[in-house]
Amino acid sequence: WLTRLWENLLKYDLLSVPEAVVFVSEATLSKDAKHRTSRMKSMRGKSKPPETGYYFINAQQLGLRAKKLSDENSSPVMAVLFRDADGTHSAPGQLWQTKWESMLYGFEAAEFEFGVPMLPKPKSEAWLICATKHRNHSYANLEKISGNDNSPHSAKDQLDAALGRHHSAAELADWCQANPVDWIQLNTMPSFRAFYDRFQEVVLGLRQ
């Protein structure tokens, strides 16, 4: 989806350009964090739930890597941090917002201005389910699906049902090359809309 969004702007596929897209694993970010002093406590503040520190540190370390990559290549870089929110019905309603803000604060702590949080609520399966829909109305209720894979009617089970069978990660990636046709339905989901708007904001900053 990210390469499709960029292709609409650049008129070519970023994946066709060697080293234009760099993947950084969660394990790598965690390893980076162990070798650097984190400002998590001062940036997160006493009012923030402690679990949001994970999102802050991930964003901070990704931002630092992006800055280094940009300096080495004398080229602007967008850093997109993907994490599932994994919300549950028992979680506070504002928890997604605090996690989102923690990611923004993490990029800010790295002094990196082109960071984009990608935080599906409750998880990416909800976005994928929405991508199977074709009716033009709000799909915000999909964000209320349980993020627990063991729950009845979990997001994973509903995605399998929507696609007709279980798809592997590779099959889902292939499916996403053509689906959705546009972003209208997905933009009715607040978590996707937040990502989409931030993506557009950063693109504008990179082009200035």
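Contact here means that heavy atoms lie within 4.5 Å. The structure is a predicted model, in which local features need pLDDT of at least 70 and side-chain atom pairs count only at pLDDT 80 or more, while totals for chains, interfaces and linings use all residues. Residues are numbered from 1 along each chain as its sequence is written, and side-chain values use heavy atoms, with hydrogens and water left out. The chain has nine helices and two strands, where helices (H or I, at least four residues) and strands (E, at least two) are DSSP runs numbered from the N terminus.

**Overall layout**
- Read along the sequence, the elements follow the pattern α-α-α-α-β-α-β-α-α-α-α.
- Of the 208 residues in the chain, 44% are buried, a class that means under 20% relative accessible area, with exposed over 50% and partly exposed in between (1.4 Å probe, protein chains only).
- Among contacts between residues at least 6 apart in sequence, 73% join residues at least 24 apart.

- Arg-198 is found in helix α9 (residues 190–207) and counts as buried because its relative accessibility is 17%.
- Leaving aside neighbours within four places in sequence, Arg-198 is in contact with Trp-100, Leu-104, Glu-113, Gly-115, Val-116 and Pro-117.
- Strand β2 (residues 115–118) is covered on both faces, with Gly-115 and Pro-117 buried on one side and Val-116 and Met-118 buried on the other; in a regular strand the side chains alternate between the two faces of the sheet.
- Strand β1 (residues 79–82) pairs with β2 in the parallel sense over four bridges, pairing being assigned if DSSP finds at least two bridges between two strands, and Val-80 stands opposite Val-116 in β2.

**Helix α1 against helix α9**
- Helix α1 (residues 2–10) and α9 pack at an angle of about 45°, with their axes 12 Å apart; axes are lines fitted to C-alpha atoms, for helices over the stretch in contact, and angles run from 0 to 180 degrees between N-to-C directions.
- That angle makes α1 oblique to α9, since angles under 35 degrees count as roughly parallel, over 145 as roughly antiparallel, 65 to 115 as roughly perpendicular and the rest as oblique.
- On the α1 side, Leu-2, Leu-5, Trp-6, Leu-9 and Leu-10 meet Phe-195, Tyr-196, Phe-199, Val-203, Leu-206 and Arg-207 in α9.
- Leu-9 lies in α1 and is partly exposed, with a relative accessible area of 27%; not counting residues up to four places away in sequence, Leu-9 touches Phe-199, Val-203 and Arg-207.
- The C-alpha atoms of Leu-9 and Val-203 are separated by 9.2 Å, although the two are 194 residues apart along the chain.
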